[in-house]
Amino acid sequence: MASPRRVRQKDIAAEVGVSTMLVSIALRGMPGVSEETRKKIQACAKKMGYHPDPAMSALADYRRRTRPANSYAQLAYVTNYPVKNAPEWDFANEFFIGAKKRGLEYGYEVISYWLREHGCTLRKASSILFNRGIKGLLIAPLPKEEGHLDLTWKYFSAVAIGTSMASPKLDYVAFDHHNAMQMALRKMRERGYKRIGLLLRNSSSRLRHAAYDAYLGDQYRNNRESMLPPLLQHNFSSSEFWTWYDTCKPDALITDSDYTIMGLLDERKLKAPEDLGVVCYSKFSTESPHIAAINQNLRDIGATAVDRLHTNLLRSAYGIPEHSYAMLVEGYWTEGTTILSYPGIARRQPS
């Protein structure tokens with residue numbers, strides 16, 4: 001018995017009385033068709049048992065990868081910093097580099113776009129991006145924690161980088177801060193450290209408290225009898241740090257700000273690792289190579305964001321998703337000279 005013939009978009013077009021192109025646009029969720037017509041087409045497709053042909057999707061993906069460079073589709077790496085290319089956001093350029101390289105593998109040109117160019121409003125910026133034919137957006141970390149971005153999302157498929165965007169809730173790719181903190185604690189315990197303190201300078205809420213929660217959970221499981229309170233110092237205070245240090249007497253410290261702790265140790269002429277083991281749990285690979293650390297692979301995060309955006313574009317997933325997905329990229333350990341290379345060496349205790 002012959003298999004039933006697959007329902008095609010041209011069959012739906014004939015049933016509804018519209019063009020095949022309009023059916024394609026409606027089923028991919030793209031703008032350019034009225035909501036009434038879209039619903040009519042979608043209802044007809046469901047009734048007729050239409051399903052996309054995976055072989056055709058794969059062919060479209062292949063064609064995108066192999067097309068000549070002058071026909072590349074564009075993706076926009078979108079920033080919303082108060083000042084274009086401000087030095088404090090230099091690290092975000094690493095995301096962009098990774099995204100550009102991965103984009104070429106799929107057949108995209110990834111371009112940078114600053115939303116505040118020429119004093120644009122977000123509505124105007126949305127219109128500019130749409131009229132340039134850009135359908136895919138990579139949203140760089142926002143300047144404010146719990147940030148909001150009110151673009152005309154129905155025009156675009158978008159993926160955020162980092163966890164600073166509170167709304168809308170898009171798919172996002174971020175460094176796995178929780179895993180990095182667990183890895184740092186495990187490495188320090190392997191070297192014999194017992195009293196491991198935590199100093200955080202960056203806002204914990206911006207990172208959805210991932211590292212902070214991982215540290216507290218570890219303390220509860222492994223060091224409940226002598227738990228050390230973490231020190232959260234968004235506004236730096238040397239005296240507050242030394243009061244905490246003299247009270248808690250840590251033999252090691254995990255931090256997100258290696259330059260801060262090394263400067264503090266110099267105040268009392270203390271050395272790492274002789275007096276205090278030091279690990280940075282979220283270091284950029286270009287910073288202080290002698291510091292033992294979990295490194296963030298920022299370029300890989302940018303590349304992974306393109307992977308997700310490419311998948312969403314193939315699925316025609318435009319607008320704000322009903323359910324957003326997170327992709328976490330793990331860091332990697334670098335040894336450094338600020339932690340003991342093996343357990344058993346006597347350490348001077350804080351006086």
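Which residue in β3 does A76 stand opposite? I looked it up, and A76 stands opposite L137. A note to myself before going on: this is a predicted model.

**Entry 1: overall look**

I started with the whole protein. I found eleven helices and 14 strands. Of the 351 residues, 47% count as buried. I also checked how far apart in the chain the contacting residues sit. Among contacts with a separation of 6 or more, 69% are between residues 24 or more positions apart.

**Entry 2: around A76**

Back to A76, which lies in strand β1. Is A76 buried or exposed? Its relative accessible area is 0%, and buried means under 20%, so A76 is buried. I then listed what touches A76, skipping its neighbours within four places in sequence. The contacts are I111, Y113, L129, I134, G136, L137 and L138. I also took one distance: the C-alpha atoms of A76 and K100 are separated by 10.0 Å, and these two residues are 24 residues apart along the chain.

I went along the order from β3. β3 and β5 pair in the parallel sense over four bridges, and I139 has A160 of β5 as its bridge partner. β5 in turn pairs with β7 (residues 171-175), again in the parallel sense, over three bridges. There, the bridge partner of I161 is V173 in β7.

I stopped at β5 (residues 157-161) to check burial. Five of its five residues are buried, so the strand is largely enclosed by the rest of the structure. S157, V159 and I161 point one way, A158 and A160 point the other way, and all are buried.

Now the helices. Which residues of α1 (residues 9-16) are buried? I noted D11, I12, A13 and V16. These buried residues pack against α2 (20-27) and α3 (35-48). Just after α1, G17 takes a positive phi of about 90°.

Q9, K10, I12 and A13 of α1 meet T20, V23, S24 and L27 of α2. By type, the residues of this contact are four nonpolar, three polar and one charged.

**Entry 3: α5 against α11**

Another helix pair: α5 (residues 92-106) and α11 (residues 298-314). Their axes come within 6 Å and cross at roughly 45°. That angle makes α5 oblique to α11. The crossing is right-handed. On the α5 side, the contact is made by E94, F95, I97, G98, A99, R102, G103 and Y106. On the α11 side, I found L298, R299, I301, G302, A303, V306, D307 and H310. The residues of this contact are eight nonpolar, four polar and four charged.

Where are the cis peptide bonds I looked up? One runs from S167 to P168, with omega near -5°. P168 lies in the loop between β6 (165-167) and β7. Another runs from A272 to P273, with omega near 15°. P273 sits in the loop between α10 (258-267) and β11 (277-284).

H209 has one of about 60°, and its place is the loop between β8 (196-200) and α8 (210-222). At 35% relative accessibility, H209 counts as partly exposed. S316 has a positive phi of about 55° and sits in the loop between α11 and β13. S316 is buried, with a relative accessible area of 11%.

Technical notes:
Residues are numbered from 1 along each chain as its sequence is written. This is a predicted model: local features need pLDDT of at least 70, side-chain atom pairs count only at pLDDT 80 or more; totals for chains, interfaces and linings use all residues. Side-chain values use heavy atoms; hydrogens and water are left out. Two strands pair if DSSP finds at least two bridges between them. Helices (H or I, at least four residues) and strands (E, at least two) are DSSP runs, numbered from the N terminus. Axes are lines fitted to C-alpha atoms, for helices over the stretch in contact, and angles run from 0 to 180 degrees between N-to-C directions. Angles under 35 degrees count as roughly parallel, over 145 as roughly antiparallel, 65 to 115 as roughly perpendicular and the rest as oblique. A crossing is left-handed if the near helix is turned anticlockwise from the far one by less than a right angle, and right-handed if clockwise. Contact means heavy atoms within 4.5 Å. Ala, Val, Leu, Ile, Met, Phe, Trp, Tyr, Cys and Pro count as nonpolar, Asp, Glu, Lys and Arg as charged, and the others, Gly among them, as polar. Buried means under 20% relative accessible area, exposed over 50%, partly exposed in between (1.4 Å probe, protein chains only).
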